[in-house]
Amino acid sequence: MIKKYTSGSPINTGAMIKEFQGEDISRFPLVSRFDGGKFRFAQSLGKNAIVYGLGEAPRGINKRGWVYESFCSDDPFHTETKSSLYAAHNFIIISGNESLGIFIDFPARIRWDIGYTSSDTCSVTVDGEDFDIYLIYGDTPLSVVKEFRAAIGQSYIPPFWAFGYQQSRWSYPDARAVDGVIEGYDNAQIPLDCVYLDIDYMESYKDFTVDENKFPNFADYVAEKRAQGIHLIPIIDAGVKKEDGYEVYDEGRKKGYFCKNADGTDFEGGVWPGIVGFPDFLRSEVRDWFGSKYRLLTNMGIDGFWNDMNEPAIFYSAKGLDAAIDKASSLKGENLDLGQFFDLKDAFAGISNSPDDYSSIYHLIDGKLVCHDRVHNIYGASMTKAAGEFFEREFGKEKILMFSRASYIGAHRTSGIWFGDNHSWWSHILLNLKMLPSANMCGFLYCGADLGGFNGNASADLVLRFLALGVFTPLMRNHSALGTRPQECYSFENTGDFRDIVQVRYRLIPYLYRLFRKASEENDMIFRPLSFDYPTDPIARECETQLMLGDEAMIAPVYEQNVGGRYVYLPEPMTFYALSGEKVRSEKLDKGVHYVPVALNEVPLFVKEGKQIPVCKPAMRTSLLNTEEIEFL
Ligand code: MIG
């Protein structure tokens with residue numbers, strides 16, 4: 001059962017597809033009050049209650065014991081002390097004797113103090129007075145998820161080939177580099193379906209342009225790669241370069257489509273292209289306009305995109321930069337005390353993604369200028385909606401691959417997400433594993449992390465272990481940052497091990513694809529915490545290093561360096577499979593704790609009794625898979 005409570009006049013975020021008769025917030029059943037323009041409410045947490053949700057967020061599957069903020073943030077250090085990442089997924093489930101789902105449909109900041117200040121209380125602060133809150137009552141957390149998911153609408157399904165292995169890097173700067181990647185994979189006989197184009201394919205970082213010097217005759221080149229079975233996936237950034245004569249910018253400015261300053265002039269920020277205008281994606285005519293620009297690339301044969309920098313990320317504004325420079329000039333030649341020194345340092349450190357800049361951006365909503373602070377969390381989702389709406393209109397469903405960095409619930413209907421700039425850290429294998437069920441609860445099924453880690457240098461064993469998790473994530477993409485050690489599978493000495501792992505993915509694609517479709521069609525989860533399935537098993541309830549996969553299996557990747565296996569908890573008897581290329585090692589195991597050996601070229605998978613998993617023969621491309629010829633695990 002879902003109950004809706006409305007306060008003031010909420011901005012329509014598009015999160016819900018079902019309409020509910022809202023009651024006035026004065027009837028809201030939890031302890032609550034308005035306080036200085038904010039709404040606060042609290043719910044007590046039983047000793048053993050688990051709090052799930054918040055989608056792409058730091059920390060554990062059980063969110064208890066920390067404070068989180070819904071505020072889409074471009075932050076490349078995903079450490080435990082953070083409170084937000086790139087997304088705002090305002091849905092939690094408090095699961096004690098009963099399960100209570102809470103969805104706050106509100107596009108500005110929300111603070112979730114989940115047993116942090118007081119261990120037995122979840123207190124939530126909504127930073128405004130115009131919002132809808134939905135309470136979802138159910139017997140089990142899964143029944144709450146399903147009811148919520150039915151209300152927010154069916155999850156995006158990408159094309160079949162998007163389940164293949166994908167290689168990315170910032171950047172493969174030109175056609176030769178891209179060819180080198182495909183050759184590298186082909187020579188090492190490692191399957192591959194997609195190669196990514198990061199910002200350097202563009203002309204001066206201008207969206208919807210292709211640098212002719214780097215990619216001569218781009219359309220022919222795209223066709224040539226498609227003939228090799230490879231899809232090229234270009235990046236699109238939110239900001240549009242300010243440059244006279246650049247069609248997208250000129251049009252956007254003439255039509256008044258960019259976000260404004262308070263005085264009605266265009267807001268300008270500095271990002272990769274230099275000064276940019278930020279399209280006001282919250283307006284449907286701007287979405288139509290920006291969405292249709294993707295045609296410039298689809299006309300050249302492109303059928304997949306990733307949308308970046310759409311929190312939005314702003315390196316600097318003229319105002320912010322001037323203030324810092326002024327401060328520095330005023331202190332020039334002074335004998336600084338430490339206070340002044342740190343002020344000066346902070347003046348520069350705080351220039352990027354600064355709250356002052358966000359506060360000075362305005363959107364046009366129903367003819368009125370609305371401060372960005374009030375709608376921050378739907379900016380990126382609206383960019384992605386622009387593209388998603390265009391693709392569905394133009395090509396129909398399931399034709400175009402797309403995923404976004406920033407997101408809000410609702411965007412799950414037209415796109416996937418990736419988990420942003422993680423690190424080549426062992427701890428991030430686990431962090432990324434924990435985000436998967438949380439993202440699924442919020443509707444995001446097509447998702448994955450940068451395998452091998454984005455920032456920092458990766459070792460071969462880290463990439464292998466990361467990939468062994470990625471074998472199961474719908475988006476299986478290896479991506480790494482500028483200046484880091486090459487991270488393509490063929491760049492390491494033991495390429496055979498990499499082949500073994502990636503081949504396992506291709507063997508499982510028939511299963512994973514069906515599982516995905518079913519989860520989308522039935523508002524179900526692909527990955528579930530063990531506690532969902534074994535609610536009375538105290539060990540399963542606390543397990544956050546393993547996940548249930550569909551109704552058949554459990555995954556438990558290795559996440560530590562220099563180990564030849566791991567401990568795993570089986571809440572019921574299962575068969576342990578170590579999959580490696582076409583080789584299968586298996587052992588029946590009883591309920592309980594076991595140490596399972598897992599070599600670097602093996603993918604561990606645990607199949608429940610009475611269940612089976614179809615596998616096919618591996619192939620170099622998804623298009624070459626024979627999904628008719630199936631064996632069963
Ligand atoms: O400021 O386009 O998260 O995947 O490689 C960095 C360059 C901008 C951030 C994305 C990352 C991408 C990078 N981008």
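Visitor: Is Cys442 buried or exposed?
Guide: The term buried means under 20% relative accessible area, exposed means over 50%, and partly exposed lies in between, with a 1.4 Å probe and protein chains only. Since Cys442 has 0% relative accessibility, this residue counts as buried.

Visitor: What kind of model is this, and how are residues numbered?
Guide: This is a predicted model, in which local features need pLDDT of at least 70 and side-chain atom pairs count only at pLDDT 80 or more, while totals for chains, interfaces and linings use all residues. Side-chain values use heavy atoms, leaving out hydrogens and water, and residues are numbered along each chain, as its sequence is written, from 1.

Visitor: How many disulfides does the structure hold?
Guide: A disulfide is counted when a pair of cysteine sulfur atoms lies within 2.5 Å. For Cys194, the nearest cysteine sulfur, that of Cys489, is 14 Å away, and for Cys442 the nearest, that of Cys447, is 10 Å away. The number of disulfides in the structure is 0.

Visitor: Which geometry does the pair of Phe163 and Tyr513 have?
Guide: Rings of Phe, Tyr and Trp (its six-membered ring) pair if their centres lie within 6.5 Å, and planes under 30 degrees apart count as stacked, over 60 as edge-to-face and the rest as tilted. Here the centres are 5.1 Å apart and the planes stand at 90°, so the pair is edge-to-face.

Visitor: Which residue lies over the face of Trp306?
Guide: A charge sits over a ring if NZ of Lys or CZ of Arg is within 6 Å of the ring centre and within 35 degrees of the ring normal. At 4.4 Å from the ring centre of Trp306, the residue over its face is Arg477.
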